[in-house]
Amino acid sequence: MSVYIEKATLNDVFILDKIQKSAFKRLYDIYNDEGSPYLRGTDEILNWLAADDVYYWKIYFNSALCGGIVYFNRSQGEIYLARLYIAPSCQNRGIARQAILLCEKELDGVNKFTLDFPIDQIANKACYESVGYADTGKREKINDKLMLAVYEKNI
């Protein structure tokens, strides 16, 4: 299995939006979260690509574009993994795990990585724990159906 990342560019906006929507549709149907990436669009991606404190990569699997991963600078030495998505046809193959590790190698001077995800998504939990993230015990209630777990990884 070959996974690699490349910096996202303005030319990638529409295909990344399409993959993101397909990846988050199932979760939107479960949680009905108005902040869902499924409801976000090309404007958000354009804003992220224009921001100095955002790192946006495309994820490739066997030479085919299959997802995206976005990190934000939170503060000096702290990076937030804001979005990670893999096309449904490529999920559950370890691609996300490899993409996280590849991105972390690209980000210098980081002391701590943070992220959050729906607490009941066991595959997400397994993925993040397999690359060194640990549960902080913090929770964020989004709505009656959605509770986020906050994880971190100290370097």
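## A pair across two strands

The model is predicted, and the pair belongs to a region where β6 and β7 (residues 147-154) run antiparallel, joined by 5 bridges.

## The sheet as a whole

Stepping back, we find an open sheet of 7 strands with mixed pairing, and its order reads β1-β2-β3-β4-β5-β7-β6. At the edges are β1 (3-7) and β6 (134-141), each of which pairs on one side only. From one strand to the next, the twist averages 30°. As a reminder, strands of a sheet pair through backbone hydrogen bonds, either parallel or antiparallel.

## Helices lying across it

Helix α1, made of residues 13-31, lies across β2 (54-61), β3 (64-75), β4 (78-86) and β5 (112-118), and its direction is at about 90° to that of β4. Helix α2 (residues 42-50) lies across β2, β3 and β4, running at about 115° to β2.

## Nonpolar cores

Which residues touch the most other members of the largest nonpolar core? They are Ile59, Ile69, Tyr71, Ile100 and Tyr133, out of 29 residues in that core. Two or more residues come from each of β1, β2, β3, β4, α3 (95-106), β5, α4 (122-130) and β7. Helix α3 gives the most, with 5 residues. Apart from this core lies another, of 17 residues, which include Val13, Phe24, Ile45 and Tyr56.

Leaving aside residues up to four places away in sequence, tyrosine 133 touches Leu81, Ile100, Glu104, Phe113, Thr114, Leu115, Tyr128, Tyr151, Glu152 and Lys153.

How many disulfides does the structure hold? The count is 0. For cysteine 66, which is in no disulfide, the nearest cysteine sulfur is that of cysteine 90, 4.7 Å away. Cysteine 90 is likewise in no disulfide, and its nearest cysteine sulfur is that of cysteine 66.

The cut-off behind both calls is under 20%.

Terms used. Residues are numbered from 1 along each chain as its sequence is written. This is a predicted model: local features need pLDDT of at least 70, side-chain atom pairs count only at pLDDT 80 or more; totals for chains, interfaces and linings use all residues. Side-chain values use heavy atoms; hydrogens and water are left out. A disulfide is a pair of cysteine sulfur atoms within 2.5 Å. Two strands pair if DSSP finds at least two bridges between them. Helices (H or I, at least four residues) and strands (E, at least two) are DSSP runs, numbered from the N terminus. Axes are lines fitted to C-alpha atoms, for helices over the stretch in contact, and angles run from 0 to 180 degrees between N-to-C directions. Contact means heavy atoms within 4.5 Å. A nonpolar core is a set of buried Ala, Val, Leu, Ile, Met, Phe, Trp, Tyr and Cys residues joined through side-chain atoms within 4.5 Å. Buried means under 20% relative accessible area, exposed over 50%, partly exposed in between (1.4 Å probe, protein chains only).
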